[in-house]
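Hello,

Here is the structure I promised to pass on. Please open it alongside this note. What I found comes after it.

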Amino acid sequence: MKNENFVQIPNKMFIDTNNDEKLVYVKLLQSQMIGYLDKDNRTTMTTVPLLVSLLGWSKNQYSNKKVIKSLNGLKEKGYINFESTQDVFTVQINKWNDKEEHIVPVDWKQSGVKFSGHTQIRLSVIDNLLEGKDFTLYSYAEYRTMKNHQYRICYEEWGFILKVAKSNAFNSVNNTEVIVKVSNGFDSDTNRRETNSYLTFDSVEDVKEVSLKPTYKVQSSKSVVKEEEPELVEDNFGNFEEEEISLKAEAKKPVVKEKKITKKQANELENKMNEFLGNTMENNIFKKMASDKRITSVEQAMEIQDINKPMSLEMWKVVQDSDNYLVRDYGNKKLQNKAWKNKFGAELDEAIHKDKESTHKTKFMSKFLYKTITEYYEDGQELVIGADKLYDYVSHRVVSKDDDDTYLAGNMLPDLKFIKVTEKY
């Protein structure tokens, strides 16, 4: 644990960045650690599609725009700088003052909330933090975990950090597995239940031990917000901006000269990063789907999620009845994607049709397992046939059922009078 690699994020980011921006920033930090780093200027080379892949997002234009929006946001706030996002481009990761303090006035705490220093995030946990707002939840809980005290975080503070309303923050905090609530304690000054403190899911400290630590207070306990469970409402995601995002460099910011590299070098960059990170997106998705024991490989997980791959009949059946919500959600979104349907839909529809026909035929034929099926002709001839031939007659509508034991022949079989079904024994 002590020698494990990590990335550092400035705690000021909790004030002015959203979850996507933090994730993009962390992936840029990761990429500069694997050989594509100008150590003097803290620069790294990347591409928008590569960042999409590393973030575990679906490979489409919407995800590309989300990455560009996050890059632009980080640039405007002074965390990074770049000239363009075309092809392979160079990003400068700007230095920050670790001693600088930022105090944000809020209406639920008289002294405001102070941010300073940085938080270390271990590389081994990042792939578990790519869904929803999990990265912000984890990193803020890690920031506020103190050695000798508890730092209690009310839902108003979570809302401020997550950039959502208090009620939506309640949803996010209580529907994630990346942080653990330490929920006991009573404030004798106010006669109220203490606000919760939180640990990260991989914390080595025991929850009970943490609950016994004294509370870290920067104000009188009488001003502590009473924790109440707010009315649950759906998260307010907002509409994503569809217009092109301006990428013009600000005049006062340093200009990073873009390094021209060949297509071969660009491919080598992407291959090396994917090799080092172990195909982050695919493995992360597979881990989250693996509770369904029918999904046994990364390739099968990608059949369910990746719109650039066809879906087999086997995985289609998994999507229909899986107990894993992500399997159903990823699969149904892919099946409804117009581009995917145009490219692969017909092939899957044919496989589904054949499977349904096979299932229907098997069910039909099983009824005649212990029966004898006999054709009776006009000339008195009798011929025993199998259930598969009777199925063909029925499916092509050349015979019609008269009763449970008799099928009458139609005009297409003029010499056949009827077919009789009798017990074999």
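Start with Leu 55. Beyond its neighbours within four places in sequence, Leu 55 contacts Leu 23, Val 24, Lys 27, Val 67 and Leu 130. Keep in mind that this is a predicted model.

Where does Leu 55 sit? Its place is the loop between helix 3 (48-54) and helix 4 (61-76). Leu 55 has a relative accessible area of 0%, so it is buried. Val 26 lies 29 residues away from Leu 55 along the chain, and their C-alpha atoms are 9.8 Å apart.

Now take Lys 27, one of the contacts of Leu 55. Lys 27 belongs to helix 2 (residues 19-31). Is Lys 27 buried or exposed? Its relative accessibility is 2%, and the limit for buried is under 20%, so Lys 27 counts as buried. The Lys 27 side chain also has a polar partner: it makes a polar contact of 2.9 Å with the side chain of Gln 30.

Next, the cores. In soluble globular proteins, nonpolar side chains tend to be buried together. Here the largest nonpolar core has 56 residues. Which residues have the most contacts inside it? They are Tyr 25, Leu 71, Ile 80, Tyr 140 and Trp 158. A second core is separate and has 21 residues, including Ile 295, Met 311, Leu 348 and Ile 352.

Back to Leu 71. Not counting residues up to four places away in sequence, Leu 71 touches Val 24, Leu 28, Leu 51, Ile 80, Phe 82, Thr 85 and Phe 89. Val 24 is also on the contact list of Leu 55.

Best wishes

Methods:
Residues are numbered from 1 along each chain as its sequence is written. This is a predicted model: local features need pLDDT of at least 70, side-chain atom pairs count only at pLDDT 80 or more; totals for chains, interfaces and linings use all residues. Side-chain values use heavy atoms; hydrogens and water are left out. Helices (H or I, at least four residues) and strands (E, at least two) are DSSP runs, numbered from the N terminus. Buried means under 20% relative accessible area, exposed over 50%, partly exposed in between (1.4 Å probe, protein chains only). A polar contact is a pair of N or O atoms within 3.5 Å; within protein, one must be able to donate a hydrogen and the other to accept it, and residues adjacent in sequence count only if both atoms are side-chain atoms. Contact means heavy atoms within 4.5 Å. A nonpolar core is a set of buried Ala, Val, Leu, Ile, Met, Phe, Trp, Tyr and Cys residues joined through side-chain atoms within 4.5 Å.
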